[in-house]
Amino acid sequence: MPFTDSFFSPYRVYARKLKRRFRGKVTLQPLSRPKGAVLLSYVTHPFTIQKEELDRSPHTNPWECLIIAEILLERGFAVDVIDWTNTTFIPKKDYTAVIDVNQNLERLAPFLDEKCVKIFYITGAHWLYQNEAEQKRLKELKERRGCMLEPRRQMNPSNNIEYADYATALGNGFAQDTFSYAKKDIVNIPLLSVAQFPSPERKDFKNIKKNFVWIGGGGAVHKGLDRALEAFARMPEYKLTICGPVAAEKDFTECYKKELYETPNIKLMGRIDVRGEQFKKIVNDSVGLIYPSCSEGQTGSVITGLHAGLIPIITRQSGVDAEPFGIELKTASVEEITDAVKRIAALTDDELRSRSLAVWHYAQKHHTKEQFKESYASFMDKVMKERKI
């Protein structure tokens with residue numbers, strides 16, 4: 001049975017030819033006669049699962065897709081949803097607009113009416129920037145450590161920005177800057193969060209000020225875990241807890257076997273439910289978040305950390321501004337990470353509490369489903385007004 005939470009219970013939902021890998025199409029009908037149709041090329045699975053399964057998802061993209069569809073339905077549009085990986089779908093109708101996250105704008109452009117508004121939903125840096133950034137990290141690791149690892153965050157070339165009439169980008173402007181050559185107006189949208197946490201006001205900052213967390217998905221070198229491990233291996237009095245599917249990257253775990261499995265102040269937890277009690281205990285016993293990534297849109301794990309009141313030690317490339325709460329890493333070198341950790345731990349208990357609360361309040365204000373919907377709805381209303389839709 002399809003997902004029928006308050007978002008879509010009033011709307012008619014059809015799932016057509018959706019098989020194991022969701023290669024088909026979901027069609028959503030508004031309450032009244034549609035004023036047009038919009039094609040949303042993102043993910044179909046949130047429309048075909050139970051709410052309980054949706055609530056267990058660690059990713060934000062199901063909620064982003066649901067909310068964008070809701071915005072369009074509320075404005076009277078029928079919505080067809082396909083997966084961004086769908087390379088066979090061909091439009092059989094005239095679409096008022098197409099929204100795509102990867103490279104379907106380029107592929108579908110010859111099949112679209114000239115009046116169709118093409119919108120690029122940017123979720124990361126430009127493919128060329130990202131690929132080069134990861135390759136640079138891998139090269140530096142080889143020179144520093146003597147390990148040649150497999151790249152895991154490489155992207156296929158895409159000319160979506162060249163085909164777009166409008167674009168949005170998640171994040172603090174970093175990802176947007178990597179597309180600036182195209183001279184398109186790109187609107188920043190704040191990423192939502194899938195997890196909420198109580199106020200960190202009662203944290204025991206005196207006893208946790210040397211405890212830090214790294215949270216991330218695949219691509220450990222891309223996301224700077226190698227540098228964090230080397231930094232904490234030098235600081236046995238500081239603790240690093242690692243939350244992520246690191247064990248799946250066998251070449252990485254072989255290169256960092258000693259740090260991951262034989263260093264007492266470093267603990268590998270593996271993949272973890274950020275809504276679960278175990279994770280809540282980890283963040284309650286930690287003061288800060290380490291995330292020295294080389295290229296992102298806006299990192300969901302960092303946003304989760306902000307909601308948990310963790311003081312960020314992050315790169316601008318994470319898509320989140322660290323200051324004035326935390327520390328922005330300029331080079332993300334092992335030495336810079338080491339220095340940043342010590343600087344945070346040297347703050348007074350009152351200063352740590354103040355910063356942690358400020359981080360938490362910032363996340364509550366800017367990174368929620370409600371704020372995401374408000375921002376994207378404002379963008380769509382602007383597009384409709386300019387195009388007289």
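The chain has 15 helices and 14 strands, where helices (H or I, at least four residues) and strands (E, at least two) are DSSP runs numbered from the N terminus. The radius of gyration, taken over C-alpha atoms, is 22 Å, close to the 21 Å that the globule rule gives for 389 residues, so the chain is as compact as a globular protein of that length. The rule itself is 2.2 Å times the number of residues to the power 0.38. Along its principal axes the C-alpha trace spans about 65 × 45 × 40 Å. The model is predicted: local features need pLDDT of at least 70 and side-chain atom pairs count only at pLDDT 80 or more, while totals for chains, interfaces and linings use all residues. Residues are numbered from 1 along each chain as its sequence is written, and side-chain values use heavy atoms, with hydrogens and water left out.

An open sheet is formed by 6 strands in the order 11-10-9-12-13-14, with parallel pairing; two strands pair if DSSP finds at least two bridges between them. At the edges are strand 11 (266–270) and strand 14 (327–329), each of which pairs on one side only. From one strand to the next the twist averages 20 degrees. Strand 9 (residues 211–215) and strand 12 (residues 288–291) run parallel and are joined by 2 bridges. Phe-212 stands opposite Gly-288 in strand 12.

Two helices lie across strands of this sheet. Helix 12 (residues 300–307) lies across strand 9, strand 12 and strand 13 (311–315), at about 170 degrees to strand 12. Axes are lines fitted to C-alpha atoms, for helices over the stretch in contact, and angles run from 0 to 180 degrees between N-to-C directions; contact means heavy atoms within 4.5 Å.

Helix 4 (residues 127–145) packs against helix 8 (residues 225–233) at an angle of about 30 degrees, with the axes 11 Å apart. Arg-137, Glu-140, Leu-141, Arg-144 and Arg-145 of helix 4 meet Asp-226, Arg-227 and Glu-230 of helix 8. The residues of this contact comprise 1 nonpolar, no polar and 7 charged (Ala, Val, Leu, Ile, Met, Phe, Trp, Tyr, Cys and Pro count as nonpolar, Asp, Glu, Lys and Arg as charged, and the others, Gly among them, as polar).

A search of the whole structure finds 2 cavities of 30 Å³ or more. A cavity is a set of points, on a 1 Å grid over the protein atoms alone, where a 1.4 Å probe fits but cannot get out, and lining residues have an atom within 4 Å of a point. Grid points are joined across faces, edges and corners, and a volume is the space filled by probe spheres set on the points. The largest cavity holds about 50 Å³, and its lining includes Phe-77, Ile-119 and Met-380. Helix 15 (369–387) and strand 6 (117–122) are the elements that give two or more residues to this lining, with helix 15 giving the most, 3 residues. The lining of the largest cavity has 10 nonpolar, 1 polar and no charged residues. The second largest cavity holds about 30 Å³. Among the residues that line the second largest cavity are Glu-134, Glu-150, Arg-152 and Glu-249, and by class its lining has 3 nonpolar, 2 polar and 4 charged residues.

Most residues other than glycine have a negative phi, and most peptide bonds are trans. Glu-323 and Pro-324 are joined by a cis peptide bond, with omega about 10 degrees; Pro-324 is in the loop between strand 13 and strand 14. Ala-332, although not a glycine, has a positive phi of about 55 degrees, and is placed in the loop between strand 14 and helix 13 (334–345).

Conventions
On a 1 Å grid over the protein atoms alone, a cavity is a set of points where a 1.4 Å probe fits but cannot get out, and a pocket is an open set with protein on both sides within 12 Å along at least five of seven lines; lining residues have an atom within 4 Å of a point.
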